[in-house]
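This briefing covers a pocket and a helix. The sequence and the model come first, and the notes follow.

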Amino acid sequence: MKIKALIFDLDDTLWPVVPVIQHAEATLHDWITTQLPSVTASYSIADLRERRQALVSTDPRFSYDLWALRHTLLQQVFAEHGAAPAFADEAMQVFAEARNRVTFFPDVIPVLDVLKDQYILGSISNGFADIKAIGLDQHFSVSLAAHTFGCAKPDSKIFLAMLDHLKLPAAEVMYIGDDLRLDVGGAQQVGMATAWVNRRDATNADSMPLEFKPDFIVKDLQELLRHLK
């Protein structure tokens, strides 16, 4: 069947996520220093990251809702230093604004500009990047995020919800992402076609686990575009 919709992962598929998160955490830490310096005197960025990781196991929601995880940590830390709970809301806005300052891989926007005229485009992400704030709303007609949907990839429910929104059979939808388990495995279990964007090491494709067999293995979106043609 002909592919009619292309659904993308975001972090590490359309932009490198590590520098984005590092920048956002540093921006937030600097802001906290100006607002409540006793917090940053007690907690470095690494300290906050370690405490956040320890918090994950305390609530099942934190496994998919990264916004709630960060917000809860900030509430706890600020409360220790006498700040009102609402202070965490303001801090999260600072973090989110920095989180949405992404630098796309060079191939992304030129290829999306071509694909948007030929396919329905959308995204499914485990992160909480804001499609509108980033400027991708002009390309994507639908976006699902784990923190608002209620589960994360590779759970089949979030992929099935995308199919329901698109009103298309799975065979007419391709999911594109960088993670074999979350992206390829998750999409394949509902019958979607898949493309693995292996930007790190395209020569290592033969060593992938046997249970993951993407329809395409590409080093970037330009190569994906050539395959689709």
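Which helix supplies the largest share of the lining of the largest pocket? The largest share, three residues, comes from α4. This is a predicted model, in which local features need pLDDT of at least 70, side-chain atom pairs count only at pLDDT 80 or more, and totals for chains, interfaces and linings use all residues. Residues are numbered from 1 along each chain as its sequence is written, and side-chain values use heavy atoms, with hydrogens and water left out.

**Largest pocket**
- The largest pocket holds about 570 Å³ of space.
- Its lining has 27 residues, and D11, L66, R99, N126 and G127 are the closest to the pocket centre.
- At least two lining residues come from each of α1 (17-35), α3 (45-55), α4 (66-80), α5 (86-99) and α10 (180-188).
- By class, the lining comprises eleven nonpolar, five polar and eleven charged residues.

**Helix α1**
- The end C-alpha atoms of α1 are 27 Å apart, which agrees with the 27 Å that its 19 residues should span at 1.5 Å a residue.
- Buried residues (under 20% relative accessible area, 1.4 Å probe, protein chains only) of α1 are V17, V20, A24, E25, L28, H29, W31 and I32.
- Seen down the axis of α1, these buried residues fall within an arc of 165°, so they line one face of the helix.
- D30 and T34, which are exposed (over 50%), sit on the face of α1 turned away from its buried side.
- The cover over the buried residues of α1 includes α2 (37-42), α3, α4 and α5.

Terms used: On a 1 Å grid over the protein atoms alone, a cavity is a set of points where a 1.4 Å probe fits but cannot get out, and a pocket is an open set with protein on both sides within 12 Å along at least five of seven lines; lining residues have an atom within 4 Å of a point. Grid points are joined across faces, edges and corners, and a volume is the space filled by probe spheres set on the points. Helices (H or I, at least four residues) and strands (E, at least two) are DSSP runs, numbered from the N terminus. Ala, Val, Leu, Ile, Met, Phe, Trp, Tyr, Cys and Pro count as nonpolar, Asp, Glu, Lys and Arg as charged, and the others, Gly among them, as polar. The expected span of a helix is 1.5 Å times one less than its number of residues. The arc is that of the directions from the helix axis to the C-beta atoms. Contact means heavy atoms within 4.5 Å.
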